[in-house]
Amino acid sequence: MTAGNLDVGWLASTAALQRLEEEEDTNFILRSYAHMQVGGLAMMQGDQEQAQLHMERMGHFAEIAGDSEAQTRAETLLAGLAQARGDLAQAQQHWGQVLRLSAMAEDVDQQAAANWFIGMLAVDQGKLAEARCHVEQVLELTENPLLLGGAELLLGGLARRQGNLVKAKQHARRSIELAEAADSVLGRGDSYLFAAQLSRDDGELDEAQQFADQALNLAEAANDELEPEESLRFLSQAHCVVGTLARERGDLAEGQRLAEKALELAETAGSRGMQADAHDLLALISGHEWGDLSRARQHAERALELAEATGDVLQQSRAQHKLGELAGHESGDLTQAREQVQRALQLAEAAEDVFEQAHDHAMLGEIARVQGAPSVFEDHVQRALELAEAVHHRVGQGNAHHLLAELYYQRVDVPQAREHLEQALSLARSAGDTPEQSKAHLMLGDLARLRQEYPSARDHAQKALELAVEAGDDLGAAKAHVVLSNALVADSPWELATALKHMMAAIRTRERVRLRVGSSADRARILAESADWDQVALSQAASLGDGWAGLELAEIGRGEAVAQLLHSRGTYGDAPEPVRALLHDLDELHSRKGALLDPRPIADEPVINPRLLRARKEAQEELDERIAQLHRELATAVGSAFQRAFTAEPIAADSLRGRLHGNVHALLLRLFPYSQESGGRLLYSVWVPPEPTESPVIEEKKLTAEQVNWLTDLTSPRDAHLAGWRLLEDTGHRWRRELGECLLPVGLRTLLSDVSRNTEGEPPTLLIVPSGELWGLPFATLDVSGRCLLDLAALTLLPALRMLPETPPLRKPQKDGRGPARALAYITRPDAQAERDQLAHDYGSQLDVETDPQQLVTKLRNGDRYQLGVLSVHGDAELGLAHSIELQRDPPHKLSAARLLGLSLPSRLVIGACWSTRVSSGPGEEPIGLPTVALTRGATSLTTALYPVPDKATGTILAAYYQQLAAGVPPVHALRNAQRGYVVAAQHDDSPDWELGRTPGYWAGLTLLTIEPGPQGSGDRDG
C-alpha cells in the first residue's frame, strides 16, 4: 500500500470508528472489527502505541460479543506488538490467551503456533525445559510444514545451547527444507541465519558467509512481500549476522557499517531485542585493543539496558561480559571486571549456553592472570577448553590454547607454549580463520626468537604479516611488523635499517587506527600501551642517525585535536554542539555564582540570618561541584567532539619540516618513563636546522635518577615550588650544565656557541617542543658553553610542530609612534605599576583599562579587535580546562581555560600569572590549559609564567616587553631583549631591593608560546 493510500485508508477508517463510538452502536462485533482495521493501519504506519490501544479495544468488544475468533486475533496481534518492543513477559501472557482460546475452538494449527511462540520466548528467558515441552506440543499437534520448520529451529536452538552442534545442524537443515516446502520467506530467512550462526560456531566461516548472504539477499528481495515491520526486523537481523562475520574476518569497518545499519532498522521497527543485538555487535567492534572503549561501553550499557527490559537472559550475559572486559581495559578496575564477568557466567549458566560459559571462563582466566593468580588463571582456561572441546567449538578451543600458550610463555616453558600454539594454529586453519592464524604465527615467531631460531622467527612473523594484511587486520599487521623487526635485529646488527622500516610500518599503522578513535582518552591509552614501540624505533633511528624517522616519531601523540581546532580558526559558534551546550551551561553557572557571592544583598540586611549564610555556602559548594563537573565534561569534549569534527591525520616528517620558516631551529624532546632495563629515563632529542638541505639530527640520552629529581623539583608545583626555587637560586649548581648537555644535541650546542662569537646580526630562534615534565622547565637558564641558552638564541615553546601553520605568515610591517591600534589591560597583581605606566606611555588613549571581571569577559568575547591583551593577575596550578587565573579574589571570579573556549582573543596576549604555562602533558594527552586554548581562540603569541614568579621583577620585565612590542619588535625577540635587559640592569644595580634579584629565578620564569616564530624582526642581540 502506498503512503497516499495508507493516509486515505486511515482517514476513512478512523472516521467510521468515530461514528460508531459517537452513536454508541451496540453491534460490538462491528466495533471490534473497526478497531482491528484502525489498529492494523496504525501498525503499518509504525505507530505502535495507537496499534496497542486499538487492539486492546478490539479484544474488549470481541469478548463482550462472545466472538472467540476476534478475541484470538486481537491477542495474537497484541502478542506480536509485545514481542516487537521486546516485552517478553507480556508477549508470553498474550500467547497464553491465544493458546486457551484456540484450545476452546479446537484449532490445532493455532494451538501449535501459540506453543511455538511460547517456547521461543521461554528460550530467551532461559527456561529451556519449559521450551522443550512446548515444542513437543507443536510436533504432536500439527503437520503444517511452516510450523514444523519453526519447531525444528527451536529444537536446533536448544541443541546448540547444550553444545550439540551436530544435532543442531541437523535441525537447521530440516528447518530449511520445511520452510522451502511452505514457501515461507521468513521461515527460510530465519533458517539461513540460524545455519550461519551454527557454521560460525563450528569455525566454518566460508559456509557461514554463504548462509548469511542468502538470508540478506532474501531479506532485500522480499521487502514488498512482507509487512513493513516484519521486513525491517528481517533486514536488521540479516545485517547483524553478516556484520558479525565481517568482524570475525577482521574487517571492522564493514562490520561497523552493517551493525549501524542493523541498529537503524531495529530502531525503525521498534524492536528492542534486535537493537540489543546491534548494540552488542557495535560494542564488540569498538571494544578491541585499539578501539574506542568509551563508545564500546556506551553500546554495552545500552545493550544491557535493552536486554533487561526484554528479559533476555543470554543478551544480558553478553552485555555483562563486555562491560567486565571494558572495565579491565579502560579503567584497570579488575575487581569490577571480575564481578561483571562472574555475573555474565551466572546468566550464561541460567541460559544453559555452553558457548558463553566457555567465553566467560576464558575472560575470568585473563583477569586472574593480570591479578597475578596463575593457578586461578589456569583453572578457568582449562575449564573454557573443556567446554569448547565438549561442543566441538573450534574458535573457543583455539582461544583457550592461545591463553594457555601465553601462560607457558610467561613461565618460559617454550615447549608447552609451542604445543598449545600449534594446536591453536591447526584449529584456525581448519576453520579458515585468517586473523587467528596470523595471531598464532605471531606468537610462534616470538617463541622462535627466544630460542634464537631467527630464520624460523622471521618466517613466522612474515607469514603472520601476510595473513593479517589479507584479513584487513591492522592490529595484527602492526604486531607482525614489530615481531619481524625484533627478529631481524636479534639475527644480525646489519639488519637494523630493515628493522627500523618494519617498526615505522607498525607505528604508522597504529597511528592510522589510533587517530580514527573518537575518544581522546582512548587515543592516549593506545599510545601509552604501545609506547615501547616508539622507544625501540627512536633507539634504532638514533643508532642509524636517521633524523627524519626521529622527527616523525618525536611528533607522535602531540596536540592532535588542539592543532586541528587551532587551524580551523573556529569561533564560539563553530564549536561542535556538545561543546557549545557545555559552554552555555558554564557561563550560566558562573553568572549564578557571581550573584550568589555578591555581598550587597546581605550587607543591606539589618540582621544577618545564620541560616541564610549556611544556605548560601551550601549553594556555592553545589555550584562549585557542578562547575568542576562541566570542566571534566569539556575536557572530554575538546578531545572527542573536536576530534570528530576535525579528523586528525598523521603528518609526514617533510610536511612538519615545511612548517618551519625563517631562521628558526626546532628542538623536539621526547622523554620516556623510568625503565628497569636502562636504569633511568631515556630521552630523545631531535634537532631540525632551518636550512632545507640539512637533515634533522637525533640523539639518545639517559637521565639519571638525580637528574630526574632536578627536573621534578624545577617543574612541580608541590611545596609552592620551594625546591625548584632553590635550584634556580644556586647559580653554581651543575643541573644547568648537565641538563643542557642532555637536552641539546652536540651539533646544536656547537652551532649556538659559534653564533654567539659573532656579535653582528640577530640571534637564531629556537622553537622547543618538550614532552611530559620537560614542558615546565626554564630552558632559558640552561648552560651552553658557560653561557645561558637565552644569551645564544631567542626561545619559544609549543606542544607540537603540527600547531604551526602550513604556510608562512605574512611579514607584518613595523609601526611607528603609537604602535598597535588598541590594547586591553586588566592588572591586579601587586607591584605592577611599571606595567601600567609603560602601557599608558606606549598606547595612550588606545589603551582600554578594565577593572570589572565580568566586563573584561564581555570585552574578550570580541577581543580580536585588540592587538594586545594584558592579564596581569594571579593563577593556579590546575591542569586541563580547570586551569584558571584569578580575576578577583573577593568575591572570587576566575577565568578558566574552559571559559576561554567561548572567547575571541587579541593576537598578542600576556597572562602574567603564576603557573600560566601549565598544560596537561601525559603521554598522548591533549595539551589542554590556558596557553593552548588561548592559541585556538585567536592568540598567535602568548607570554606566560612557568612557576610562581616574583611580582616586582616580573612587572619590570613585562614593562620592557611592552615597550619592545610597541616599537615593532616581534614577540619572540621582544621577550628575550626584555629579560636580558633585566639581567644586565640587575648585575649593575647595587641597591638592596631583594625583589629585583639577579638569579635566574627572578627572570627565567616568563616564556613565550607562538605559532609565528618566524620571520625574524629587528632583535637586539646584545640586549
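This is a predicted model: local features need pLDDT of at least 70, side-chain atom pairs count only at pLDDT 80 or more; totals for chains, interfaces and linings use all residues.

Residues are numbered from 1 along each chain as its sequence is written, and side-chain values use heavy atoms, with hydrogens and water left out.

**The strands**

Select residues 680–688, which form strand β2; helices (H or I, at least four residues) and strands (E, at least two) are DSSP runs, numbered from the N terminus. Nine of the nine residues of β2 are buried, so the strand is largely enclosed by the rest of the structure; here buried means under 20% relative accessible area, exposed means over 50%, and partly exposed lies in between, with a 1.4 Å probe and protein chains only.

Next select strand β3 (residues 697–703), which is antiparallel to β2 and joined to it by seven bridges, with Trp 687 standing opposite Val 697. Then select strand β4 (residues 765–769), which runs parallel to β1 and is joined to it by five bridges; Leu 667 stands opposite Ile 768 there.

**Helix α35**

Move to residues 722–729, helix α35, and colour its buried residues, Gly 724, Leu 727 and Leu 728. Around the axis they cover an arc of only 100 degrees, which puts them on the same side of α35; the arc is that of the directions from the helix axis to the C-beta atoms. An α-helix has 3.6 residues a turn, so residues three or four places apart point the same way. Show α34 (705–715), α36 (735–743) and α45 (1000–1003) as well, against which the buried residues of α35 pack, contact meaning heavy atoms within 4.5 Å.

**Aromatic rings**

How many aromatic pairs does a search of the whole structure find? It finds four, where rings of Phe, Tyr and Trp (its six-membered ring) pair if their centres lie within 6.5 Å, and planes under 30 degrees apart count as stacked, over 60 as edge-to-face and the rest as tilted. One of them is the edge-to-face pair of Trp 725 and Tyr 947, 6.4 Å centre to centre with 75 degrees between the planes. Trp 725 lies in α35 and Tyr 947 in the loop between β15 (941–945) and α43 (951–966), so the pair ties together parts that are 222 residues apart in sequence. Trp 725 is partly exposed at 22% relative accessibility, whereas Tyr 947 is buried at 0%.

**Two loop residues**

Select Trp 915 in the loop between β14 (908–911) and α42 (930–936); Trp 915 has a positive phi of about 65 degrees although it is not a glycine, and it is buried, with a relative accessible area of 7%. Arg 918 lies over its face, 5.8 Å from the ring centre, a charge counting as over a ring if NZ of Lys or CZ of Arg is within 6 Å of the ring centre and within 35 degrees of the ring normal.

Finish at Gln 452, in the loop between α22 (434–450) and α23 (454–471), where phi is near 60 degrees, a positive value in a residue other than glycine. Gln 452 is exposed, with a relative accessible area of 58%.

Key. Two strands pair if DSSP finds at least two bridges between them.
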